[in-house]
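Hi there,

Here is the structure I promised to pass on to you. Have a look at it first, and then read my notes below.

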Amino acid sequence: MQIVLDFLTNISWWVWALIVLGLIAIRDIFFNKKHIITHNFPIVGHIRYLLESIGPELRQYIVANNREELPFNRIERGWIYASAKNENNYEGFGTDRNIHESHYVFINNAMMPYKIKMDHPNASDPYFLPCAKLIGEYNKRKRPYRPASIINVSAMSFGSLSARAIESLNKGCYLAHAYHNTGEGGLSPYHKKGADVIFHIGTGYFGVRDDQGNFSMEKLKALVNEYPQIRAIELKLSQGAKPGKGGVLPASKITKEIAEIRHVPLGKDVLSPPNHSAFSNVEEMVDFIEKIAEETGLPVGIKAAIGKLDQWRELASIMKRTKKGPDFITVDGGEGGTGAAPPSFADHVSLPWVYSFSDLYRVFKDEEITERIVFIGSGKLGFPSKAAMAFAMGADLVNVAREAMLSIGCIQAKVCHNNTCPSGVATQNKWLQAGINIEDKAERVSYYFKNFKKELIEITHACGYEHPSQLTMEDVDINLGDKSLTQPLANVYGYNKVEVPFNGTESLLNCPHLGGHYTTKTAMDKFKNKQIRY
C-alpha cells in the first residue's frame, strides 16, 4: 500500500492533468450521447459551452456599448446606481444619444421657468411630490388615498423576489413616503415594515383564497382591518410580461413560508390561471370591484396590459352609465416583466406602454370620465424624462419594478426565472440572499426615489409648471424619423390630455388623506434609530 502511495505522490501535476483530460476525452467520445460538439471535438468542445454560459456577462461588461443593451443599457443602469447611492448622477460633454433617431423625445422648456417662493413646500422639502388626484374621491370611498410620492414600487411578489429584497423595498418606500405594491403573492411579513401598501389580487387570489382556491371576501376584510397600512386594492387582469397567460412560481422557489402566506401546497409549481373565477365579464367585474370597495372601504383599481380595446370601451360605457367602476387603472406596458415568461409573450403580446396608454386614455376621454380615474403608468418609466412624457400623456403616477430592483443591487443578469439570481434579489436561495444589507438597500431605494422626484420637479419647473400633472401633450415632441420630423404628442397620438384640477402643492400637503406618513414622521427619522442624511 505504501508503495502505491509513494508512486502516486511522485507523479507530476501535469501528468495528473493529462490523465483527467484523457478521462474527459474518453467520456466525450464513447459515453456522450447528447452533445454533438463535445463528441466530435472532445475536450475543446467544452470551451464553446463555457463561453456560451458567460456570454451575457461578456456582452454586458465588455462587448456592448453604453447605449446598446436591453432592457436597460449601461447608461440607464449607471444613472439608477448613482442615484441610489446618492452620488453624482450627471454626465459630461453633452449627450451621446442619437437625437435624430425615431421616437426620440424632446421636452419643450419654457422661456421663463417656474419660480418657487420661499414659503413653497418644495423650498423646504425639494422631494415633496404627491399625486395631484385623490384616489377614490369620485366614488366616495370611505378611505380615499392620495399617494405622497408620484413614483412607487410596482407589483412584485414575495416568492418572485427574496425576503430581504422585499423588506429593503418596503423600508425604502417608507423612507421615501412611497407605496409598495405587494404583487399577487399576498401580504408577507416583509411588506409590513412601515410603508403604505397597495394589496394586489391576482387570478390565484393568493393570501385571500379559500381551501378551494376561490376568492374569500372574509379573508380580505380581515386583512384590511388588521393592517391599516393597506391603502388600496389592485385587481390584476393581466401583466406586461405575459398578458392573458397567468403566472408561474416554480416549485423550487416555494418555501414553507411562501406556501403559508399564499395558502398553497409545498413541492408543486404554483399556477395563476389566465382568468378570474370571481367574475366572467366586464359588468360582473365592475360589480366585484364595487363589492370589494363597499366591504373594505378602500379604493379599488385594475391593472392590465393593453391589446384589444372593445372590452375597454364596454367598461368605459358601463362606468359612464352606472357612475361606478375602478378608482384607478394601472397600464402595464408589454415591454415590462420581472419574472418568468415565454419569449413569444414577452416579445410580442400586448402593446408597449406608450401605445397602450394613448389608446386606453382616448377610450375614457371619449366618454368624458378621465377625471374620475387615477391613471398609473408602468413600463420602463423609472427615468425623469420618460416620466415627464407619461405625465404629459395623462398619467398621474408612475410605478417602477425593474428600476427598483436595480436600486437594491440587481445587475440585470436575466436569470429571474431559475432561482439563481447572483445579487440575491430574485431568488429564494438563502446564501445568495445573505449578501443583501437591508438597511443599506433601503437607503438606496429612498435615494433613488428622492433623486428621481427632484429631477422630475426640475424638468417640470423648466417647462414653466409647478407640478408634473400640469404638463400637456404640447410640452413634449417626438422625432418621427420621416419628413414630419418632430411633432407634439397631441399630433402623434391623436388626442389632448384632459386638464387635471390642481390648486397648488400646498393644498396637497394639507390633504387629510395624504399617505406616506407625512403627518406622523419627518423624512428620514425613526429608521432603526439611525439618522440618515437626506
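**What I found**

Trp16, Ile19, Leu23, Ile26, Ile29, Phe30 and Phe31 make a nonpolar surface patch of about 730 Å². Patches are made of residues with over 30% relative accessible area and no salt bridge, joining nonpolar side chains (Val, Leu, Ile, Met, Phe, Trp, Tyr) within 5 Å and like charges within 9 Å. Areas come from the Shrake-Rupley method with a 1.4 Å probe, and for residues only the protein chains shown count as cover. Helices (H or I, at least four residues) and strands (E, at least two) are DSSP runs, numbered from the N terminus.

Before you go further: this is a predicted model, where local features need pLDDT of at least 70 and side-chain atom pairs count only at pLDDT 80 or more, while totals for chains, interfaces and linings use all residues. Residues are numbered from 1 along each chain as its sequence is written, and side-chain values use heavy atoms, leaving out hydrogens and water.

There is a charged patch too: Glu283, Glu284, Asp287, Asp310 and Glu314 gather in a patch of negative charge on the surface. Its largest share, three residues, comes from H11. Glu284 belongs to helix H11 and is partly exposed, at 34% relative accessible area.

Now for the salt bridges (a side-chain nitrogen of Lys or Arg within 4 Å of a carboxyl oxygen of Asp or Glu). The structure holds 15 of them. In one, the side chains of Arg141 and Glu290 meet at 3.1 Å, N to O. Arg141 lies in the loop between helix H7 (121-124) and S2 and Glu290 in helix H11, so this pair ties together parts that are 149 residues apart in sequence. Arg141 counts as buried at 10% relative accessibility, and Glu290 is buried at 17%. Arg141, Glu290 and Asp327 are linked in a network of salt bridges.

Finally, how much of helix H15 is buried? Eight of the ten residues of H15 (residues 384-393) are, so the helix is largely enclosed by the rest of the structure. Among them are Pro384, Met389 and Phe391. Just after H15, Gly394 takes a positive phi of about 125 degrees.

Happy exploring!

Notes. Buried < 20%, exposed > 50% of the residue type's maximum accessible area, 1.4 Å probe, protein only. Lys, Arg positive; Asp, Glu negative; His and termini not counted. Charge placed at Lys NZ, Arg CZ, Asp CG, Glu CD.
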